[in-house]
Amino acid sequence: MAHSDDCQYNYACAECDLLIDMPAHIPHRTALVCPRCNHTLAVGHRNPKHHVVAVSITAIIVMVIALSFSFISFSANGQQRDINLFQASSELFAQGYYFVALLVLSFIIILPILYLLCLSLIIVNTQYKLHFISTHLLGRIASSILPWAMTEVFLISVLVALIKIVSMADVTLEISFWAYVIFATLFTYVASIVDSHRLWQWIAQGDKW
Amino acid sequence: MVSPTPIDSSKENTTDKYAQGSAAEAGLTNCRLCHHLTDSREQHCQYCNAQISPRVQRSVQITLSLLITSFLLYIPANIYPIMTTEVLGDRSPSTIIGGVVLFLSHGSYFIAAVIFIASIIVPLAKMFALAWLCYAATCRQNIDKYELTRLYRITEFIGKWSMVDVYVVAILVALIQLTGLMSIQVGIAASAFAGVVLLTMLSALMFDTRILWDKAIKK
């Protein structure tokens, strides 16, 4: 049986466990797939660190905007109502549906922000050799929460909800909604650049110093 | 003393359990979080310290148990109202199916189709796909591992999209609160449906596709 010392391979496919010799360099925008099960292992990018940190910080700022203004306004028969993003969760909480309220709040606001924060902290930490927080811990958090971030799903849901009520009353999309659209786009962009191979490669680079 | 048959004893060594060329066969464990290869004898990943094992332990059992729970939750999610609309004191509860029927009767076929697909087809398809994967991984002999892995990928991808229904209710409940005129209350089905989505997603995450690839060499 071969063990880690005499093994020439440095990577195994997450879906079929095939040992793979990962190339040191992957060309820009080229996907590297597992030869056996076709699972996408990594995607090449010219300058991933700068893109990710810049876009993540932009997205966090946009999210702050999305949380500060009103999201949608609704008026019927002379009555008007504005809601902000938090109310999508807090109204459920107020009606006693704590479990759903918690899920909605985490999936659409908390986890996406946490993911971007983790990425930015990992990059800043490894780039400037700071060690005020464990990058391994951050990497574990980021890897675990990615499947639970649902910004794009929420966006589609807003549109479905609008279609449902647009005939009943006047519905206006406010600043916060457009900010959330930008946030979701930026988030999806970041998630498409950062595959787990690249993320852990960054963390490993940080260890060397 | 009964001696084992010679064919079995020669085949039953540890390396035969895993697919050829796999990390597990080479005595290495691939960490599911950080993809660092650690010696199989270790209990924790040497890099990120997560708990590891060559294959997710009791993967099929855990997947199936979460799946059965989510299927049981799916029943109240469809029977009970997901929200109650109150217009001028007149309360009308609506179920998921009720919403689809309502849009069909209004002639909005596109929206009816969107809701029908997102909240009925997708969760059911996901449950059947996972059940089929569990069945194929344990009971069937000649499996198409490539196709099954693709089925898993699709299941994993569509997982979060069934949350649409819960978010729609969350938005409507927040938005439509005009005192005395019209208001919307959440129904118990919203909790059940959120539970269904959560459990099926967990169930998909717990399924280890690597056992499909181990299986193929046994025939």
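A:Phe154 counts as buried because its relative accessibility is 0%; buried means under 20% relative accessible area, exposed over 50%, and partly exposed in between, with a 1.4 Å probe and protein chains only. The residue A:Phe154 lies in helix 5 (residues 151–165) of chain A. Helices (H or I, at least four residues) and strands (E, at least two) are DSSP runs numbered from the N terminus. Leaving aside neighbours within four places in sequence, A:Phe154 is in contact with residues of chain A, including A:Phe71, A:Leu85 and A:Ile108, and with B:Tyr167 and B:Ile171; contact means heavy atoms within 4.5 Å. A:Ser144 is ten residues from A:Phe154 in sequence and 20 Å from A:Phe154 in space, C-alpha to C-alpha.

This is a predicted model, in which local features need pLDDT of at least 70 and side-chain atom pairs count only at pLDDT 80 or more, while totals for chains, interfaces and linings use all residues. Residues are numbered from 1 along each chain as its sequence is written, chains are lettered from A and ligands numbered from 1 in the order in which they are written, and side-chain values use heavy atoms, with hydrogens and water left out.

A:Glu15 is found in the loop between strand 1 (11–12) and strand 2 (19–20) of chain A. At 7% relative accessibility, A:Glu15 also counts as buried. Beyond four places in sequence, the contacts of A:Glu15 include A:Cys37 and A:His39, and, in chain B, B:Arg153, B:Glu156, B:Arg210 and B:Trp213.

The UniProt record (unreviewed entry) lists residues 52–76, 96–124, 145–169 and 175–194 of chain A as "transmembrane region"; such annotations may be inferred rather than shown by experiment, feature names are shortened, and positions are in the numbering used here. Two of these spans are tabulated.

In chain B, the mean pLDDT is 85, and 91% of the residues reach 70 or more; pLDDT is the predictor's confidence in each residue, from 0 to 100. Among the elements of chain B, helix 2 has the highest mean pLDDT (95) and helix 1 (residues 6–11) the lowest (38). Over residues 1–13 of chain B the pLDDT is below 50, and this stretch has one contact in the model beyond near neighbours in sequence. Where pLDDT is low, the predicted coordinates should not be read in detail.

B:Ile79 lies in helix 2 of chain B and, at 55% relative accessibility, counts as exposed.
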